[in-house]
Amino acid sequence: MTVLSDLTGAPPGMTTRTLLLRLSAIGAVVTGSAGTFAYAGGWLSPAALTPGRVIDRFEQVNGPHPGFRRNHAKGLCVAGSFASNGAGARLSRASVFPEGRVTPVEGRVALAGGQPYAADAEATVRSLALRFRLPHGEEWRTGVNNIPVFPVRTPEAFYEQLLAAQPEPATGKPDPDRLKAFFAAHPESAKAAAVIKARTVSSGFADSTFSSLNAFRFAAADGHTSSVRWAFVPEEEAVRETAAQTARADKNDLFDAFSAQLQRHPQRWHLIVTVGQGADATADATLPWPADRESVDVGTLTLTGTTPEEAGNCRDINFDPLVLPDGIGPSDDPLLSARSAAYSRSFTRRAGEKKTPSAVAATAVRGAGL
């Protein structure tokens with residue numbers, strides 16, 4: 001008994017039977033925990049959709065591009081600041097919103113898809129990913145896109161859509177029958193696609209409106225909570241893309257033009273927070289909120305510089321949408337946790353891969369934070 005007690009850390013006087021029962025209980029807890037992790041990883045349910053399978057699907061559709069993001073692969077680093085006007089403080093206690101607070105920001109403009117060397121195209125979704133460096137080590141990371149709604153409602157539908165929209169080698173376009181079958185199975189996506197198609201595609205990044213698409217929760221200092229969506233609305237008047245721009249003789253036209261604009265002067269967007277009401281969808285990003293909802297201008301994002309992706313800058317940031325400060329929380333949208341998990345898996349894979357130069361090699365425009 002003394003030897004058994006010494007080896008296991010059991011208190012003196014404990015009987016062998018009692019000790020074995022305790023060890024059995026500990027073993028059950030460990031086994032149960034391992035089972036939880038195995039289930040989460042898909043090891044016990046090979047048919048379940050896991051982050052690894054989502055990233056595998058991106059690689060299947062786009063081909064292997066080691067060192068690059070599996071989505072939004074083509075991008076350019078940006079930097080600047082966010083100046084709060086104080087209007088957001090009544091909605092959220094987040095440290096980004098006090099009046100007069102200026103927060104350093106770094107981020108990335110990019111195009112959706114897993115092709116890092118593809119030519120810029122009108123139909124390709126443009127994105128803006130940002131990291132706000134807040135006081136006391138907090139961060140706020142957000143990824144916003146130039147579409148008004150998201151094309152799918154669930155992670156499973158997103159996984160199916162990736163394959164349905166894969167271009168055929170012979171035509172460079174998706175198989176129409178495959179797309180038709182997808183939309184028949186997901187009528188909410190057909191409606192969302194119509195909303196997306198009806199939007200005005202602006203001439204570049206600087207005059208694009210970038211929307212959160214997913215809903216979030218703001219918590220005020222008094223404990224009041226609100227469902228919100230947000231958008232970065234440009235100060236520059238939106239100009240519809242011309243036929244000549246759509247032709248794009250230069251495959252990096254969008255990125256080169258944005259760098260040239262920043263060389264002339266900073267580019268600004270107003271952060272507009274839309275406050276939802278009780279019936280507004282928070283778990284379905286395919287549904288727009290009514291146009292009459294309260295919208296609050298909470299401050300100005302100013303981008304002052306760009307630089308090509310390289311080690312140590314935005315190339316190595318995981319813009320996880322669930323990295324949130326106190327006062328901002330996720331909604332019940334299932335896409336948020338799925339995005340977070342998939343981003344993590346993509347980050348882990350590319351971190352161990354050889355890096356190759358980005359297709360976007362625009363001249364660096366030095367600004368704050370670069």
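**Basis and overall make-up**

The model is predicted, and local features need pLDDT of at least 70, side-chain atom pairs count only at pLDDT 80 or more, and totals for chains, interfaces and linings use all residues. Residues are numbered from 1 along each chain as its sequence is written, and side-chain values use heavy atoms, with hydrogens and water left out.

The chain holds nine helices and ten strands; helices (H or I, at least four residues) and strands (E, at least two) are DSSP runs, numbered from the N terminus. Of its 370 residues, 47% count as buried, where buried means under 20% relative accessible area, exposed over 50%, and partly exposed in between (1.4 Å probe, protein chains only). Among contacts with a separation of 6 or more, 74% join residues 24 or more positions apart; a contact means heavy atoms within 4.5 Å.

Confidence is expressed as pLDDT, the predictor's confidence in each residue, from 0 to 100. Its mean over the chain is 86, and 82% of the residues reach 70 or more. Over residues 1-46 pLDDT stays under 50, and the model has 21 contacts beyond four places in sequence for them. Where pLDDT is low, the predicted coordinates should not be read in detail.

**Cores and an enclosed helix**

A nonpolar core is a set of buried Ala, Val, Leu, Ile, Met, Phe, Trp, Tyr and Cys residues joined through side-chain atoms within 4.5 Å. The largest one has 40 residues, and those that touch the most other members are F97, F132, W140, W230, F232, F258 and L301. Apart from this core lies another, of 21 residues, including V54, V61, V149 and F158. Returning to F232, its contacts beyond four places in sequence include L130, F132, V144, W269 and L301. In soluble globular proteins, nonpolar side chains tend to be buried together.

F158, one of the members of the 21-residue core, is also among the buried residues of helix α4. Seven of the ten residues of α4 (residues 155-164) are buried, so this helix is largely enclosed by the rest of the structure. The buried set consists of P155, A157, F158, Y159, Q161, L162 and A164. Their cover includes α3 (51-62), α5 (176-185) and α9 (334-351).

**Pocket and cavity**

Grid points are joined across faces, edges and corners, and a volume is the space filled by probe spheres set on the points.

The second largest pocket contains about 590 Å³ of space. It is lined by 31 residues, of which I147, P148, T209, S211 and A231 are the closest to its centre. Strands β7 (225-234) and β8 (267-275) each supply at least two lining residues, and β7 gives the most, with five. The lining has 15 nonpolar, nine polar and seven charged residues; Ala, Val, Leu, Ile, Met, Phe, Trp, Tyr, Cys and Pro count as nonpolar, Asp, Glu, Lys and Arg as charged, and the others, Gly among them, as polar.

One cavity of 30 Å³ or more is present. The largest cavity has a volume of about 40 Å³, and its lining is formed by G67, F68, R69, A73, R108, E309, R315 and R350. By class, these are two nonpolar, one polar and five charged residues.

**Selected loop residues**

| Residue | Relative accessibility | Class |
|---|---|---|
| H72 | 16% | buried |
| H136 | 84% | exposed |
| P290 | 34% | partly exposed |
| N318 | 15% | buried |

H72 lies in the loop between α3 and β1 (74-84) and has a positive phi of about 55° although it is not a glycine. H136, in the loop between β3 (126-133) and β4 (139-145), likewise has a positive phi, near 60°. Most residues other than glycine have a negative phi.

P290 is placed in the loop between β8 and β9 (295-307). N318 belongs to the loop between β9 and β10 (328-330). Beyond four places in sequence, N318 is in contact with R141, Y343, S344 and F347. The C-alpha atoms of N318 and R69 are 9.5 Å apart, although 249 residues separate the two along the chain.

Conventions
On a 1 Å grid over the protein atoms alone, a cavity is a set of points where a 1.4 Å probe fits but cannot get out, and a pocket is an open set with protein on both sides within 12 Å along at least five of seven lines; lining residues have an atom within 4 Å of a point.
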